[in-house]
Amino acid sequence: MLLSHVLQQGQFTNPETPGYVGFANLPNQVHRKSVKKGFEFTLMVVGESGLGKSTLINSLFLTDLYPERVIPGAADYTKSPLKIERTVQIEASTVEIEERGVKLRLTVVDTPGYGDAINSQDCFSTIIAYIDDQFERYLHDESGLNRRHIVDNRVHCCFYFISPLGHGLKPLDVQFMKAIHNKVNVVPVIAKADTLTLRERERLKRRILDEIDEHGIKIYHLPDAESDEDEDFKEQTRILKASIPFAVVGSNQQIEAKGKKVRGRLYPWGVVEVENPEHNDFLKLRTMLITHMQDLQEVTQDLHYENFRSERLKRGGRSVDPLDSLRPSSIANPGEGRDFTAFLLAHHQPNDGLVCPIL
């Protein structure tokens, strides 16, 4: 009786368009399921203290991720010798963000203490161990019996903050980025860009890019726009690629400029607007992160995680030494001296679900 009623309502009638089956609506099903499930993203921020990392993150997502953080003053350092023996800590803050019915579970991993000690030779071993530990946890959950509700805490992107006061990259910057560029997507960011003139900013960008190329550092490159994309998106992608490294200014204060309230910084000579693309690259950085969030996750899954997973298979399940990436003989950098795709195929096991990325 119920079926006949449904048929009378016309819900299961043949479509008028010849040859139409209905699987064209499959993307709508994926969309509804994805919105219901929500999204997960983990962002790591690394840089010396005082470069405005926390302020920028709060500005990006319009939220306060560090409500209970107490920032020590200069007097606190002079009263104690903590500066000499400061060690790197890992602080992960998770917040649920909802916008127009879409939920995002954002985890921001901060690294206070990085580069603050007088001897910063091994200050990033803790960071590398954390990245590998998240890969290890995901591999363990993926190999378990219940794989329906795996929480993805892998680091999908790393904002590396570069000081605007130098003449390019410091030795610590080069050493750290070379240690992690095969484990996470690295996005270089020039902090406190309002301390530079436009000419100084462009000169520093060119210098940083030259040094990145000189030292063979692999940063995250935005994928090319598809041929069927509209012209506006192609132009946006071109501008974003040309803006790397992003020179940004962060601020959570509302000030009045030209009769309207804007987020920015007030100086005796004028106002620096955070969301003004003529003043800095803040909007470009946020656009890159939002529009390429899915690609960052796919590169993490198909390249960095598979690199880690294949290495674990080769070791026979033994844990990975986080400092292996610093040794020339390590296979943690498969791009040096051998083809990565051939490397994965050589260690592929039947039915292990290994997908070789296309480079």
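Strand β1 (residues 39-46) and strand β4 (residues 157-162) run parallel and share 4 bridges. They belong to an open sheet of 6 strands with mixed pairing. A separate group of 3 strands, β7, β8 and β9, forms an open antiparallel sheet. The model is predicted. Its protein chain has an average pLDDT of 78, and 73% of the residues score at least 70.

**The mixed sheet**

- β2 (91-99) and β6 (246-247) are the edge strands. Each has a single partner strand, so one side of each lacks a neighbour in the sheet.
- Strands of a sheet pair through backbone hydrogen bonds, in either a parallel or an antiparallel sense.

**Helices across the mixed sheet**

- Helix α5 (residues 125-142) lies across β1, β2 and β3 (102-110). The helix α5 runs at about 170° to β1.
- Helix α6 (residues 171-180) lies across β1, β4 and β5 (186-190). Its angle to β4 is about 170°.

**Packing of α5 with α10**

- Two packed helices are described by the angle between their axes and by the distance between those axes.
- The axes of α5 and helix α10 (residues 293-314) come within 10 Å and cross at roughly 80°.
- An angle of 65 to 115 degrees counts as roughly perpendicular, and α5 and α10 are therefore roughly perpendicular to each other.
- From α5, the contact takes in D132, F135, E136, Y138, L139 and E142.
- From α10, the contact takes in T300, Q301, H304, Y305, F308, R309 and R312.
- By class, the residues of this α5 and α10 contact are 5 nonpolar, 3 polar and 5 charged.

**Packing of α8 with α9**

- Helix α8 (residues 231-242) packs against helix α9 (residues 282-291) at an angle of about 120°. Their axes are 10 Å apart.
- α8 and α9 are therefore oblique to each other.
- The crossing of α8 past α9 is left-handed.
- α8 supplies Q236, I239 and L240 to the contact, while α9 supplies K284, T287, M288 and T291.
- The residues of the α8 and α9 contact comprise 3 nonpolar, 3 polar and 1 charged.

**The antiparallel sheet**

- The order is β7-β8-β9. The edge strands β7 and β9 each pair on one side only.
- On average, neighbouring strands of this sheet are turned by 75° against each other, direction ignored.
- Strand β7 (residues 254-257) and strand β8 (residues 260-267) run antiparallel and are joined by 4 bridges. A257 stands opposite K260 of β8.
- β7 and β8 form a hairpin with 2 residues between them. In that turn, K258 has a positive phi of about 55°.
- β8 is also joined by 4 bridges to strand β9 (residues 270-273), again in the antiparallel sense.
- The link from β8 to β9 is a hairpin through 2 residues. Y267 has G270 of β9 as its bridge partner, and G264 stands opposite E273 of β9.

**Backbone details in loops**

- The peptide bond joining I244 and P245 is cis, with omega of about 0°. P245 sits in the loop between α8 and β6.
- K192 is not a glycine, yet its phi is positive, at about 50°. K192 lies in the loop between β5 and α7 (198-214).

- Over residues 79-85 the pLDDT stays under 50. The model has 6 contacts for this stretch beyond four places in sequence.
- Residues 327-359 also have a pLDDT below 50. This stretch has 47 contacts in the model beyond near neighbours in sequence.
- Where pLDDT is low, the predicted coordinates should not be read in detail.

Methods:
Residues are numbered from 1 along each chain as its sequence is written. This is a predicted model: local features need pLDDT of at least 70, side-chain atom pairs count only at pLDDT 80 or more; totals for chains, interfaces and linings use all residues. Side-chain values use heavy atoms; hydrogens and water are left out. Axes are lines fitted to C-alpha atoms, for helices over the stretch in contact, and angles run from 0 to 180 degrees between N-to-C directions. Angles under 35 degrees count as roughly parallel, over 145 as roughly antiparallel, 65 to 115 as roughly perpendicular and the rest as oblique. A crossing is left-handed if the near helix is turned anticlockwise from the far one by less than a right angle, and right-handed if clockwise. Contact means heavy atoms within 4.5 Å. Ala, Val, Leu, Ile, Met, Phe, Trp, Tyr, Cys and Pro count as nonpolar, Asp, Glu, Lys and Arg as charged, and the others, Gly among them, as polar. Two strands pair if DSSP finds at least two bridges between them. pLDDT is the predictor's confidence in each residue, from 0 to 100.
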